[in-house]
Amino acid sequence: MARFHLHLLSDSTGETLEMIAKAALAQFDDTDVLRHFWPMVRSQQHLDRIMGEIASNPGLVFFTLVNEETRGRLEERCQALGLPAIAVLDGVTDALEAQLGQEAKGRPGRQHRLDDAYFARVDAIQYTIAHDDGIAWEDWEEADIVLAGVSRTSKTPTSIYLANRGYKVANIPIVVESPPPPALFGLKRPMVVGLTTAPERLIQVRRNRLLSLSQSPDTDYVQSEKVESEVKYARRMFADNSWAVIDVTRRSIEETAAAIINLHNERKAAGTQGQVGPKPI
């Protein structure tokens, strides 16, 4: 197993840098990476302290530093140590400068500034938390997206992920014994998406959930016929109302969210609204 040190230096929160490193490392098997995370590097004094740690644990250096002086000092020090230093956003920034015909602003943390988009994202998160698991259905018309699905189809984590992307999301569990409120079938503004999964996978997830709560795994909640009936009931509801359906059986939360965002963008581009009329089961 290959083992090495990876140093991540950013003049902001480092969120972008961490995601890039994580995505790149996912392409390699059998690696033992010791990550050293250095956010908010905005002075040469701070950089000098970090360089001492890098010298003690030599390895690959990834950075996103926009200050030319600080950046130059990092590259100089790394070169003296014989360590590769990679500016991970340079290629993208250069391409955008050429395409847009203007130079990048070079402001640390510019993507995190407190602008309208930032506060809209905060508002989306607050809305989503307040409309989890069928709560406050009277306000669903304010949502961008409404997720529906039987228990343990990742509605809540998907909703939170989408909220962090700026979407107001409500979600509702589909329960055979307790049909959803009629308001769900008459929504105009929000896009309703049904989440489904393979019954056998759902049973496994539910069993694990019960075990984590120290509860008996021998209930109707995980009984094969009962689960299959639940899934069929939900799928029939989705089909009858012409809602988009996403099978989450083999999807991560991120992949499910990406599919939903794609559907939402297509719907927005087409200028379509919600379903034509209520078709509850």
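This is a predicted model: local features need pLDDT of at least 70, side-chain atom pairs count only at pLDDT 80 or more; totals for chains, interfaces and linings use all residues.
- Arg73 pairs up with Asp48 in a salt bridge, and their closest N and O atoms sit 2.9 Å apart.
- That pair links distant parts of the chain, with Arg73 in helix H3 and Asp48 in helix H2 (residues 44–56), 25 residues apart.
- Asp48 has a relative accessible area of 29%, so Asp48 goes down as partly exposed.
- Asp48 also meets Arg77 in a salt bridge, at 3.2 Å from N to O.
- Here Asp48 is in helix H2 and Arg77 is in helix H3, so this pair ties together parts that are 29 residues apart in sequence.
- Arg77 comes out at 29% relative accessibility, so Arg77 is partly exposed.

- Arg71 has its place in helix H3 (residues 68–81).
- Is Arg71 buried or exposed? Arg71 counts as buried, because its relative accessibility is 15% and the cut-off for buried is under 20%.
- Leaving aside residues up to four places away in sequence, Arg71 touches Phe63, Leu65, Ala87 and Asp90.
- Arg71 and Glu75 join their side chains in a salt bridge, 3.8 Å from N to O.
- Both Arg71 and Glu75 belong to helix H3, and they are 4 residues apart, about one turn of the helix.
- Glu75 is partly exposed, with 33% relative accessibility.

- Glu230 lies in helix H8 (residues 224–240).
- With a relative accessible area of 9%, Glu230 is buried.
- Not counting residues up to four places away in sequence, Glu230 touches Val150, Val176 and Arg206.

**Surface patches**

- On the surface, a patch of negative charge gathers Glu138, Asp139, Glu141 and Glu142.
- One of these residues, Glu141, is found in the loop between helix H5 (116–130) and strand S5 (145–149).
- Glu141 is partly exposed, at a relative accessible area of 33%.
- A nonpolar patch on the surface is formed by Val92, Leu96 and Leu100, which together have about 290 Å² of accessible area.
- Leu96, one of the members of that nonpolar patch, lies in helix H4 (residues 90–100).
- Leu96 has a relative accessible area of 47%, so Leu96 is partly exposed.

**Positive phi angles**

- Met40 is not a glycine, yet Met40 has a positive phi of about 55 degrees.
- Where is Met40 found? Met40 is in the loop between strand S2 (31–38) and H2.
- The relative accessible area of Met40 is 40%, so Met40 is partly exposed.
- Arg152 is another residue that is not a glycine but has a positive phi, in this case about 75 degrees.
- Arg152 has its place in the loop between S5 and helix H6 (155–164).
- Arg152 counts as partly exposed, at 37% relative accessibility.

- Glu15 has its place in helix H1 (residues 15–25).
- Glu15 is partly exposed, with 44% relative accessibility.
- Glu15 and Pro39 are 24 residues apart along the chain, and their C-alpha atoms are separated by 8.9 Å.

Methods. Residues are numbered from 1 along each chain as its sequence is written. Side-chain values use heavy atoms; hydrogens and water are left out. Patches are made of residues with over 30% relative accessible area and no salt bridge: like charges are joined within 9 Å, nonpolar side chains (Val, Leu, Ile, Met, Phe, Trp, Tyr) within 5 Å. Accessible areas come from the Shrake-Rupley method with a 1.4 Å probe; for residues, only the protein chains shown count as cover. A salt bridge is a side-chain nitrogen of Lys or Arg within 4 Å of a carboxyl oxygen of Asp or Glu. Lys and Arg count as positive and Asp and Glu as negative; His and the chain ends are not counted. The place of a charge is taken as NZ of Lys, CZ of Arg, CG of Asp or CD of Glu. Helices (H or I, at least four residues) and strands (E, at least two) are DSSP runs, numbered from the N terminus. Buried means under 20% relative accessible area, exposed over 50%, partly exposed in between (1.4 Å probe, protein chains only). Contact means heavy atoms within 4.5 Å.
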